[in-house]
Amino acid sequence: MAKNKPEGYLSARESRRISKENRKITSAMEKTRKRKNVPESEYLTTMHDPNNAVEFDNLHTYFFTDAGTVKSVDGVTFEVPIGKTVGVVGESGCGKSVTSLSLMQLLQRPQGQIVEGEIRLNLGDKAVNVAKMPDKEMQHLRGNYVSMIFQEPMTSLNPVFRIGDQVDEVISLHNGEGKSKEEVKARTIELLELVGIANSEGVYQMFPHELSGGMRQRVVIAMALACNPKIIIADEPTTALDVTIQAQVLDILRSLKDKINSSIMFITHDLGVIAEMADYVVVMYAGRIVEKGTAEDIFYHPAHPYTIGLMASKPVVGKQVDKLYSIPGKVPNPINMPDYCYFKDRCEMCVSGCSGAYPCEVSLSETHKVSCYRYYDEAKKGGA
Amino acid sequence: MGVNKGIADGVGRAHGASTPEELKYQTEKREERLKKGLQPAGGTGTAPVMASSDPNEPLVYDPQYILMVKNLKKYFPIKGGMMSHVVGQVKAVDGVTFNLKRGTTMGLVGESGCGKTTTGRTILRLSGEKTGGQVLFNGQEVYDLSPKEMRSMRTKMQIIFQDPFSSLSPRLPVGEIIGEAVREHNLVQKSEFNAYIDQVMDNCGLQPFHKDRYPHEFSGGQRQRICIARALALNPEFVVCDEPVSALDVSIQAQIINLLKELQEKYSLTYLFISHDLSVVEHISDTVGVMYLGNLVEYGATEDIFRNPLHPYTKALFSAIPIPDPKAKMNRIVLEGSIPSPANPPSGCKFHTRCKYCTERCKKEAPVQREVEPGHYVVCHLFDK
């Protein structure tokens, strides 16, 4: 008797077959990664523009799961200029965090792999391709050049170690050569004061549970800043915080960025926070960038229907509407992505071209780029 | 009133109506509110929203209010020492007074730890006995009911919990989650049970064939719909929505807010909407209460509160809202430090440790609720005449 199988059902045999195939792919990748004495020439590269701190070039990060390959990041290209803040917006599951984890090489391996593309990191005198870096070299970059502020201050601190010990560890691990214990401690106290913790000596002795959410997030920020990184990745640093505390944390981030002249990659789904912080905005949807541009481009002339929908669905204080706009439908299944525009099924502004292949990037202005068929004509006119 | 004028200039204007459309919208909204029997914002209403300020005087039932709360207190004991005797008290809710009209929504905002959720739960008698004050639901003191009477009262007042990922039992299919209470209270006959559940699910935007699935098969938005369906299956009059959208994505948030508004119109529900997202509260509420450390510091019609915030805390809270406009320059009032411990609240006005306008009097004497304009109440010494 044929059973009525729900959508997405996978038989055990099918699942075994997929996992066997996956293992072949991932173990080959792991093997190249784990070679000893990788020559430097393999991961040395040159920046396309020396003013950029990071360049993501056609990055593909896939997760090889037993249910199929999830293309979390599928061809993402954008730059983070030195001293600027780039905001990455999108719904949960759109690949924002995976993009940043790819840069840090903190993907869940062996399932998660960068299969294609480059992430060029500017180290000042040279540039490296992070996607090909061996683990040992990567260890020198993390903390010193790239560091990350994680989403939940409650879970990203170790509950059994004192705050001071945790920050000390970062310093002595990455930047601790020739430093005595006292010097490391002095640096930790200095960092805690930098992020606005008044009672820094006291906090040094405390455990994470003794601090409030805002204070914990400050400690996490202090840890990220410990070695004066060139790039700070802030992965939803204020999502778990109250508005008043959020305002404080954003102020700290802004002033620190100027103080140590680093770039920030700011990941959030809050458009208000993005508007306040970011110089450039990247809008992601289902693993791809649908629109990017300066903050003014995105907020004053949103072009992609998804960006427009996202803006309309957030209630804004002082602007009243009777009914909030909500984007119909839901994100397509990441395992079976359609071959046309991913947003077509939810889009209310479809044109005839939409059933064709995934639209390529169209420039609306020098800085403003969008992937949508609605702007093909305009671009042609502009180009002609 | 010189001080007041000074601080009133700061934030209020940022949210004021500037375009003709917005003005028109506000006029419409005001008419709509009049129809609902609410006081117009800033108008001259005759019915007092608040009962007299004497905290010991018992409440007099007024049929226009579905819920009357007066001087509600809820303290949690801190136990310590060898015999685990009580060494202190966490004053989670410390004298909250408000009245809620039928068919309207009251928003409750504040930082985390200020007692919003405890207020909601204490009203529903979900966290043991209250410490003091009165809760009149339809004129009936909730805490005087016997367990049996309380059971039947529960069908009239329901709650939607914050996190749809942890508030649904992973072992029950959706139909059972929604129908459990209906069966328990014998609301419908056995023969009609299935049809009833289908209808409830349909109303909340769920497909009836999802009945046999388990919560883990649903996305966050769908789960929140299940939570809403569970609350509404009992035909309640009053629903406490405890941060129903804060765990959801922006686009899903809009769907859930629209659903809540739709259902309110359909069944003339009354909501107590607890949230720390001020833009959502402004969108959904008719009246707003701002809480700080267990006290309601400001209370009034949504328009009054958002156009003309009076309490220094409300101003600071509103100035911290990020506005999705890269050129908007806010006069941000950044509050120093964080919320004090409710186990050892500051003397006098609880906000004085973080307040810019703090005077000697604020440190000693606790302010009382004052009606600054009709229907707009504030608890602050700055507004003493």
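View 1. A:Arg218 belongs to helix α7 (residues 213–225) of chain A; helices (H or I, at least four residues) and strands (E, at least two) are DSSP runs, numbered from the N terminus. The residue is buried, with a relative accessible area of 9%; buried means under 20% relative accessible area, exposed over 50% and partly exposed in between (1.4 Å probe, protein chains only). Beyond neighbours within four places in sequence, A:Arg218 is in contact (heavy atoms within 4.5 Å) with A:Val195, A:Gly196, A:Ile197, A:Gln248 and A:Ile252.

**View 2. The largest nonpolar core.** A nonpolar core is a set of buried Ala, Val, Leu, Ile, Met, Phe, Trp, Tyr and Cys residues joined through side-chain atoms within 4.5 Å. Among the 63 residues of this core, B:Ile178 and B:Ile228 touch the most other members. Helix α8 (residues 250–267) of chain B gives the most to it, with seven residues. Apart from this core lies another, of 38 residues, including A:Tyr43 and A:Ile231.

**View 3. An open sheet in chain B.** Four strands are arranged in the order β2-β1-β4-β5, with antiparallel pairing; two strands pair if DSSP finds at least two bridges between them. The edge strands, β2 (85–101) and β5 (140–141) of chain B, each pair on one side only. Strand β1 (residues 65–80) of chain B is joined to β2(B) by 13 bridges, and B:Tyr65 stands opposite B:Lys101 in β2(B).

**View 4. Confidence along chain B.** The average pLDDT (the predictor's confidence in each residue, from 0 to 100) of chain B is 82, and 84% of the residues score at least 70. Confidence is lowest in helix α1 (residues 2–8) of chain B, at a mean of 42, and highest in strand β8 (residues 270–274) of chain B, at 94. Where pLDDT is low, the predicted coordinates should not be read in detail.

**Conventions.** Residues are numbered from 1 along each chain as its sequence is written, and chains are lettered from A and ligands numbered from 1 in the order in which they are written. Local features need pLDDT of at least 70 and side-chain atom pairs count only at pLDDT 80 or more, whereas totals for chains, interfaces and linings use all residues; side-chain values use heavy atoms, with hydrogens and water left out.
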